[in-house]
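Here's a quick briefing for anyone meeting this structure for the first time. Have a look at it below, then read on for the highlights.

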Amino acid sequence: KKSSKLNAMARSPLASLLVLAALAFIVTQLSAFVPSPQQVARTEMQQAQATVVAAGWAAAAAMPEPALAARVEEEDEGFDLRILAVLALPLFAVSWALFNVWRVAFRQVVRIGESAKGNPL
């Protein structure tokens, strides 16, 4: 029974018209032909304009904003304590390292001096 229904559908003029309409739609959607020079020029102009607009937006977005200098008037406040806050830890670390190195070096010099004199360790 199925084959007789398929044969009947294949022979019907409506099915043939639908297939032809689908093929015509597909052919019109495919660009098998070279576009006209005017259409190419128009497309290239639109792409160039879009590029210029995008470049303008990128340049505007890349401009630096003024920092707090524009909002805060410069006032002479004297010594800035932030310098001490930034340098305190490195200065402490360097002083501690020098203290340890100097202490060990001093002990070594004392021992060398004692052994050169002939004193027992």
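## Rings, a patch and a salt bridge

Tryptophan 96 and phenylalanine 99 both sit in helix α4 (residues 82-117), and because they are three residues apart there, about one helical turn separates them. Keep in mind that this is a predicted model.

**Aromatic pairs**

- Searching the whole structure turns up two aromatic pairs.
- In the pair of tryptophan 96 and phenylalanine 99, the ring centres are 5.8 Å apart and the planes meet at 35 degrees, so this one counts as tilted.
- Phenylalanine 99 is partly exposed, at 45% relative accessibility.

- Helix α2 is made of 17 residues and spans 24 Å from its first C-alpha to its last, close to the 24 Å expected at 1.5 Å a residue.
- A nonpolar surface patch is formed by Leu17, Val19, Leu20, Leu23, Phe25, Ile26 and Leu30, which together have about 730 Å² of accessible area.
- Leucine 30 belongs to the loop between α2 (13-29) and α3 (37-62).
- With a relative accessible area of 57%, leucine 30 is exposed, because exposed means over 50%.

**The salt bridge**

- You'll find one salt bridge in the structure.
- It joins the side chains of arginine 82 and aspartate 80, at 2.9 Å from N to O.
- Arginine 82 is exposed, with a relative accessible area of 61%, while aspartate 80 is partly exposed at 31%.
- As a general point, oppositely charged side chains can pair when their charged atoms come close.

Methods
Residues numbered from 1 in each chain as written. Predicted model: local features only at pLDDT ≥ 70, side-chain atom pairs only at ≥ 80, totals over all residues. Heavy atoms only, no water. Patch = residues over 30% accessible without salt bridge, like charges linked within 9 Å, V, L, I, M, F, W, Y side chains within 5 Å. Areas by Shrake-Rupley, 256 points an atom, 1.4 Å probe, with all protein chains shown as cover. Salt bridge = Lys/Arg side-chain N within 4 Å of Asp/Glu carboxyl O. Helix = DSSP H or I, 4+ residues; strand = E, 2+ residues; numbered from the N terminus. Buried < 20%, exposed > 50% of the residue type's maximum accessible area, 1.4 Å probe, protein only. Phe/Tyr/Trp six-rings, centres within 6.5 Å; stacked < 30°, edge-to-face > 60°. Expected span 1.5 Å × (residues − 1).
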